[in-house]
Amino acid sequence: MGLLDGLANGAAWFINLFNLGGQTFMGLVTGIIPTLIVLITFVNALIAIIGHDRVDGFMKAISKNMILRYSLFPVLAMFILCNPMAYTFGRFLKEEQKPAFYDAAVSFCHPITGLFPHANPGELFVYLGIANGITAVGLQLGPIAIRYFLVGVVVILIRGLLTERITIMMMKRKD
């Protein structure tokens, strides 16, 4: 094999890499992207029907309960506003609660993707990698997506509670 054959094989490999990328992109265009558009439209329509003020009032009310503040509150923020807008719901919290909310919400970016891909489409590559492995061995995605979601809620609750405690301790030391 000469130099020209090596260059030709390298060029063929290089072009094939982009062909495979194009096939993956077309799979997304005909698969998940229409689903994401419909989900985003549904969530926006639901918020419009309920009313922005009512949604905001409800979020403010549930953020007062410590357990709900680091479980339901970040889940709803991620579902309704998606990543990265979900973090703006920190405006309903006291200063010492904001770092814990951010920790909980950012920790929920991956677990929500399996059931609600519109909430964090930027992280779909992680979920789709897992999903491809699961479907390759003949298993269904639903059970793992539900388990991933539920474990995520437990993890964000623990992280939120611990981060709030640590933040309060550090704020007291500063004073």
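**Group meeting: an all-helix chain, region by region**

I will start with charge: the chain has 13 positive and 9 negative side chains, and the centres of these two sets are 10 Å apart. Lys and Arg are taken as positive, Asp and Glu as negative, while His and the chain ends are left out of the count. Each charge is placed at NZ of Lys, CZ of Arg, CG of Asp or CD of Glu.

A note on what you are looking at. This is a predicted model, in which local features need pLDDT of at least 70 and side-chain atom pairs count only at pLDDT 80 or more, while totals for chains, interfaces and linings use all residues. Residues are numbered from 1 along each chain as its sequence is written, and side-chain values use heavy atoms, with hydrogens and water left out.

Now the overall build. There are 8 helices and 0 strands in the chain; helices (H or I, at least four residues) and strands (E, at least two) are DSSP runs, numbered from the N terminus. The chain is more spread out than a compact globule, because its radius of gyration is 21 Å, well over the 16 Å that the globule rule gives for 175 residues. That radius is taken over C-alpha atoms, and the rule is 2.2 Å times the number of residues to the power 0.38. The C-alpha trace spans about 75 × 45 × 30 Å along its principal axes.

How much of the chain is buried? Of its 175 residues, 31% count as buried, where buried means under 20% relative accessible area, exposed over 50%, and partly exposed in between (1.4 Å probe, protein chains only). As for contacts, meaning heavy atoms within 4.5 Å, 66% of those between residues at least 6 apart in sequence join residues at least 24 apart.

Next, the aromatic rings. The whole structure holds 8 aromatic pairs. Rings of Phe, Tyr and Trp (its six-membered ring) pair if their centres lie within 6.5 Å; planes under 30 degrees apart count as stacked, over 60 as edge-to-face and the rest as tilted. Phe73 and Phe101 make a tilted pair, at 5.0 Å centre to centre with 55° between the planes. Phe73 is in helix α5 (residues 72-81) and Phe101 in helix α6 (residues 98-107), 28 residues apart. Both of these residues, Phe73 and Phe101, are buried. Tyr87 and Tyr102 are also tilted, with ring centres 5.0 Å apart and planes at 55°. Tyr87 sits in the loop between α5 and α6 and Tyr102 in helix α6, so this pair ties together parts 15 residues apart in sequence. Tyr102 is partly exposed, at 44% relative accessible area. Ring pairs also link Phe73, Phe89, Phe92 and Phe101 into a cluster.

Glu164 is buried, with a relative accessible area of 7%.

Pro34 is partly exposed at 38% relative accessibility, and beyond its neighbours within four places in sequence it contacts Leu28 and Val29. Leu36, also in helix α2, counts as buried at 10%. Leu36 and Phe116 are 80 residues apart in sequence, yet 8.7 Å apart in space, C-alpha to C-alpha. Not counting residues up to four places away, Leu36 touches Pro117, His118, Pro121 and Leu124.
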